[in-house]
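Please keep the sequence and the model in view while reading.

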Amino acid sequence: MFGAASPPDLPAFGLDPIDQAEIAAAQSLFDRPECAETAFISGAQSPVLAALTAAWAEADVAYLLCHGRVTPAGAVLYLEDDDGKVDPVTTARLVQAVSALASPPRLIVLAACESAARAAFDSFGPLAQALVEAGVPLVLAMRERLQVTTARILMARFCERLFAHGQADLALNEARAMVSERWDWGAATLLSCTVDCTALPSRLPRRCKPGWRCRRLPARCWQSHGGKRRARP
């Protein structure tokens, strides 16, 4: 599931609209036969929080391109309201919406500036960590500013490798190798409450099917062995 929020009144918040070429490049990452793509893009099917999270319930991977900022009140993602205007979505609102999902995506990619940065006054902690605690197994977010060129190379390689083998941590390491000479190569960070970081189980070889499932953090992961569960701290 792909979403991109760039409402026209972003300049009122000191933010530039996201370039349409950047949105198109990001959306093309999901132009694959195995992707049943649902897209929410400014100017078309608006990326309103309720609509986005409803679509997330049907997705294995959710990719959200938008502006983000850490404010004294906590982390904020700038999405859209029903009128197409900026809707500053706080950590609390996003976590509440995700927590209501019976089955959240296995991986949420927050392609938003500072979406993983810690805010001193945010009682939920980093936005990405809060999503993991809300039940999302894997969250990929940016912990610092990322240049457009770096982001395009990094995310293109990440998605290519993710759809090849299904392992989010391995895909991120392979993507980082492509931008290792750039100063912002480490801006993307992966948070997880799983042991094997599997985002797409169907992409794994049959002998490598994951056996781990996770509860909310503080996480304890369980692996099945002969019908019994064994705790792993």
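In this predicted model, Ile153, Leu154, Arg157, Phe158, Arg161, Leu162 and His165 of helix α5 meet Ala168, Leu170, Ala171, Leu172, Glu174, Ala175, Arg176 and Met178 of helix α6; contact here means heavy atoms within 4.5 Å. By class, the residues of this contact comprise 10 nonpolar, one polar and four charged. Ala, Val, Leu, Ile, Met, Phe, Trp, Tyr, Cys and Pro count as nonpolar, Asp, Glu, Lys and Arg as charged, and the others, Gly among them, as polar. Helices (H or I, at least four residues) and strands (E, at least two) are DSSP runs, numbered from the N terminus.

Two packed helices are described by the angle between their axes and the distance between the axes. For α5 (residues 148–165) and α6 (residues 168–178), the axes come within 8 Å and cross at roughly 145 degrees. Such axes are lines fitted to C-alpha atoms, for helices over the stretch in contact, and angles run from 0 to 180 degrees between N-to-C directions. The crossing of α5 with α6 is right-handed; a crossing is right-handed if the near helix is turned clockwise from the far one by less than a right angle, and left-handed if anticlockwise.

A pocket is an open set of points on a 1 Å grid over the protein atoms alone, where a 1.4 Å probe fits, with protein on both sides within 12 Å along at least five of seven lines; lining residues have an atom within 4 Å of a point. The largest pocket holds about 660 Å³ of space, a volume being the space filled by probe spheres set on the points, which are joined across faces, edges and corners. Of the 27 lining residues, Glu22, Leu65, Ala111, Leu146 and Val148 lie nearest the centre of the pocket. Two or more residues each come from α1 (20–28), β3 (61–65), β4 (67–71) and α5. The lining divides into 18 nonpolar, two polar and seven charged residues.

Ala164 lies in α5 and counts as partly exposed because its relative accessibility is 39%; buried means under 20% relative accessible area, exposed over 50%, and partly exposed in between (1.4 Å probe, protein chains only). Phe40, in strand β2 (residues 39–41), counts as buried because its relative accessibility is 5%. Cys197 has a positive phi of about 55 degrees although it is not a glycine. Most residues other than glycine have a negative phi. Cys197 is placed in the loop between β9 (188–192) and β10 (212–214), and is buried at a relative accessible area of 9%.

Over the whole chain there are six helices and 12 strands, and 49% of the 233 residues count as buried.

Residues are numbered from 1 along each chain as its sequence is written, and side-chain values use heavy atoms, with hydrogens and water left out. Local features need pLDDT of at least 70 and side-chain atom pairs count only at pLDDT 80 or more, whereas totals for chains, interfaces and linings use all residues.
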